[in-house]
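Below are some comments on the charged side-chain pairs in this model. Please read them with the structure open.

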Amino acid sequence: GEFPTMKDFEYGARAVYRRVPEKTKAYFIHTSVESWRPDKRGDVGMHYENGFMRCTAAREVAWGLAHNFAGTEAARGIVNEAGTAARFESTGVGNVGKLKATARELKVDPEKGTLLDTFAMATAAVPLTHHLATSYTQTTCFL
């Protein structure tokens with residue numbers, strides 16, 4: 001991770017994206033992410049977030065997130081025609097101190113079985129700037 005107002009850092013992360021059965025026509029996905037310092041896994045978490053994605057129209061997605069520090073984030077995104085990438089921009093952030101805006105991009109590489117998640121943020125003092133890039137390796141679990 002990096003940002004102009006903080007020291008660079010390394011982290012590990014795990015993400016879960018799972019479809020939630022709903023009795024609506026909308027398609028819901030529950031998202032959950034946890035991160036930790038590489039030397040502290042299992043002892044001290046760095047960041048946790050939970051949210052829901054839903055399709056609002058063809059290739060349009062809304063994403064609402066809640067963070068462990070009581071912050072919230074709402075974003076809208078567009079999925080590319082191939083269905084392998086989506087770009088999100090925040091429509092609102094709440095209770096997040098100096099954070100003013102966010103942008104995320106999710107890219108799937110089906111051949112490698114990976115998901116690349118890049119995250120940028122803007123504060124009152126810094127315009128939208130790259131902050132995190134996480135590459136997840138796909139594992140499958142049927143519950």
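1. Glu-34 is partly exposed, with a relative accessibility of 26%. The model is a predicted one, and the points below concern its salt bridges, of which there are three.

2. Glu-34 pairs with Arg-14: their side chains form a salt bridge with an N to O distance of 3.0 Å. Arg-14 belongs to strand S1 (residues 12-20) and Glu-34 to strand S2 (residues 28-36), so the bridge ties together parts 20 residues apart in sequence. Arg-14 is also partly exposed, at 43% relative accessible area.

3. A salt bridge also joins the side chains of Glu-49 and Arg-104, at 3.4 Å from N to O. Here the link is between distant parts of the chain, 55 residues apart: Glu-49 sits in strand S3 (residues 45-57) and Arg-104 in strand S7 (residues 99-109). Glu-49 has a relative accessible area of 8%, and because the cut-off for buried is under 20%, Glu-49 counts as buried. Arg-104 is buried too, at 5% relative accessibility.

4. Arg-104 has a further partner in Glu-73, the two side chains meeting in a salt bridge of 3.1 Å, N to O. Glu-73 is in strand S5 (residues 72-79) and Arg-104 in strand S7, so this pair connects parts that lie 31 residues apart in sequence. Glu-73 is buried, with 5% relative accessibility.

5. Which residues make up the network of salt bridges? Glu-49, Glu-73 and Arg-104 are linked in it. Arg-104 bridges to Glu-49 and to Glu-73.

Definitions and conventions. Residues are numbered from 1 along each chain as its sequence is written. This is a predicted model: local features need pLDDT of at least 70, side-chain atom pairs count only at pLDDT 80 or more; totals for chains, interfaces and linings use all residues. Side-chain values use heavy atoms; hydrogens and water are left out. A salt bridge is a side-chain nitrogen of Lys or Arg within 4 Å of a carboxyl oxygen of Asp or Glu. Helices (H or I, at least four residues) and strands (E, at least two) are DSSP runs, numbered from the N terminus. Buried means under 20% relative accessible area, exposed over 50%, partly exposed in between (1.4 Å probe, protein chains only).
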